Amino acid sequence: MIVAFSITPLGVGEGVAEPVARAVKVVRDSGLPNRTDAMFTTIEGEWDEVMDVIKRAAEAVGEVAPRVSLVLKADIRPGVTDAMTSKVESLERHLP
C-alpha cells in the first residue's frame with residue numbers, strides 16, 4: 001500500500017518545521033520507501049508496518065505539541081510493490 005499523509009502540530013505557533021521534522025525522521029528511520037514534499041509524506045509498505053510508522057510519527061509530534069492533526073490518503077493494492085516509482089514512471093511515459 002501507499003499512504004500519503006500530513007501531520008500538523010497544533011498549538012505550537014506559526015513555525016512547525018521542527019515538530020514536523022520529528023515525524024519525517026521517524027518515517028526515514030523506518031527503512032520503508034518514502035518521499036516528503038511541501039504538503040505530504042508518502043510511504044510504501046505493508047498495511048501494519050505503514051500504519052505503525054504513521055502512528056509513531058504522530059506520537060513524535062505529540063511529544064512537543066498539545067494537539068496533532070493527521071490527514072491520510074491510501075492506495076491499497078495487495079501484491080503491488082514499488083508503486084511509488086512505477087506510477088510516476090507510467091505517467092511520465094504519457095507526457096510529451
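**View 1. The largest nonpolar core of this predicted model has 17 residues.** A nonpolar core is a set of buried Ala, Val, Leu, Ile, Met, Phe, Trp, Tyr and Cys residues joined through side-chain atoms within 4.5 Å, where buried means under 20% relative accessible area (1.4 Å probe, protein chains only). Val-3, Phe-5, Ile-7, Ile-43 and Val-50 have the most contacts inside the core. Strand E1 (2-10), helix H1 (17-29) and H2 each give two or more residues to this core; H2 gives the most, with seven residues. Helices (H or I, at least four residues) and strands (E, at least two) are DSSP runs, numbered from the N terminus.

**View 2. Surroundings of Phe-5.** Leaving aside neighbours within four places in sequence, Phe-5 is in contact (heavy atoms within 4.5 Å) with Val-27, Phe-40, Thr-41, Ile-43, Ile-54, Leu-70, Val-71 and Leu-72.

**View 3. An open sheet of four strands, in the order E2-E3-E1-E4.** The pairing is antiparallel; two strands pair if DSSP finds at least two bridges between them. Strand E2 (34-36) and strand E4 (67-75) are the edge strands, each pairing on one side only.

**View 4. E2 beside strand E3 (residues 41-44).** These two strands pair in the antiparallel sense over three bridges. Thr-42 in E3 is the bridge partner of Arg-35.

**View 5. Confidence along the protein chain, as pLDDT (the predictor's confidence in each residue, from 0 to 100).** The mean is 94, and 100% of residues reach 70 or more. Among the elements, helix H3 (residues 83-93) has the lowest mean pLDDT (88) and helix H2 (residues 47-62) the highest (98).

**Notes.** Residues are numbered from 1 along each chain as its sequence is written, and side-chain values use heavy atoms, with hydrogens and water left out. In this predicted model, local features need pLDDT of at least 70 and side-chain atom pairs count only at pLDDT 80 or more, while totals for chains, interfaces and linings use all residues.

Methods
Buried means under 20% relative accessible area, exposed over 50%, partly exposed in between (1.4 Å probe, protein chains only).
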